[in-house]
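Thanks for coming, everyone. Let's take a quick look at one structure together.

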Amino acid sequence: MFGYFRFFLASLVVISHMGISLTGFNPGVAAVVCFYMLAGYVVCNLFTNSFIHGKPQYITFYYERIPQYIFLCLLTLFFIFIFEYGSPEIGFSAMLGNFLIVPLNYYMYLDNSVLQEPKWWLLPPAWSLGLELQAYLILPFAVYYKRLKIFIGLLSFLVFFTANIGFMDTDRYGYRLIPGTLFIFILGLSTYRNTSKGGVEADVFDKYFPPLAYITLVLMLTVLGIYNSLHVNYTVETCLGILIGLPIITYLSRRPINLPMNRLLGDLSYGLFLSHFLAMWIIDEFDLVEKSTSGRSYGYIIATFT
């Protein structure tokens, strides 16, 4: 069922980039937060198999993802140049950032400093992949060093909480940067430990951190709602992503349901997540779909993406 769930999340990201919201909230943000938890779950699973059961799957994990990303970057580059879509300006640093992936979620710091040349993203949603790659480098240490896991998990949750009550930039530290999002990956890690049947024992932190975070977020949303302070960037969406996604991931991991096409949909979800902007740009270039009365166009976008 994780394949169906991942495809559903990728679809939410797509419809959010098409300008569709749910009662004013961005469903793509909640979906991305669920992807963070799934990433933490998967990393814990891979490292458990690699180091405890002797199955070296971690390199395969990268091998299945990076080539697809590079291929879609090159395909997008080909489309933009051949059809001169959006009149792109090319800079070496911007190109390097696209192919390194990791710098993409630091655009708010790089635009006016290091990247003096025009910055543009070939695959706009890839900023979240940059964040995930950073988490992949940290999480293995959290898997095997209990004190480190506790420290970074609680510290990250504190940063997220502080940002969402208005003391720091909510968009940056509650959604896009590693200090305020790492605990979400760790929630996925703890979920794997709590539900695994592979002989991996959950510690006290794994057992109690998810419900503690869950209750705290419910109380935070309640208080912010009472004081009419839910207008800050993505507070509702990120919290709902955790509050809805965590029980779903826990349920699916404890009660695996074998459905046809589960693996296929899981594999397609990554391609859908990466390629939907290219599809929208092609539709826009060749007028394949009649524009709405608002005149909305999926033109070449250089600004901030969710």
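Start with helix α12. Of its 20 residues, 14 are buried, so α12 is largely enclosed by the rest of the structure. Buried means under 20% relative accessible area, exposed means over 50%, and partly exposed lies in between, with a 1.4 Å probe and protein chains only. Helices here are DSSP runs of H or I with at least four residues, numbered from the N terminus.

A word on the source. This is a predicted model: local features need pLDDT of at least 70, side-chain atom pairs count only at pLDDT 80 or more, and totals for chains, interfaces and linings use all residues. Residues are numbered from 1 along each chain as its sequence is written, and side-chain values use heavy atoms, leaving out hydrogens and water.

Back to α12, residues 235-254. From first C-alpha to last, α12 reaches 29 Å, close to the 28 Å expected at 1.5 Å a residue. That expected span is 1.5 Å times one less than the number of residues.

Now helix α5, residues 92-100. Which residues of α5 are buried? They are Ser93, Ala94, Met95, Gly97 and Asn98. Their cover includes α4, residues 66-83; the contacts are heavy atoms within 4.5 Å. Just after α5, Ile101 takes a positive phi of about 70°.

Last, Tyr145. Where is Tyr145 found? In the loop between α7 and α8. And buried or exposed? Tyr145 is exposed, with a relative accessible area of 51%.

Conventions
Helices (H or I, at least four residues) and strands (E, at least two) are DSSP runs, numbered from the N terminus.
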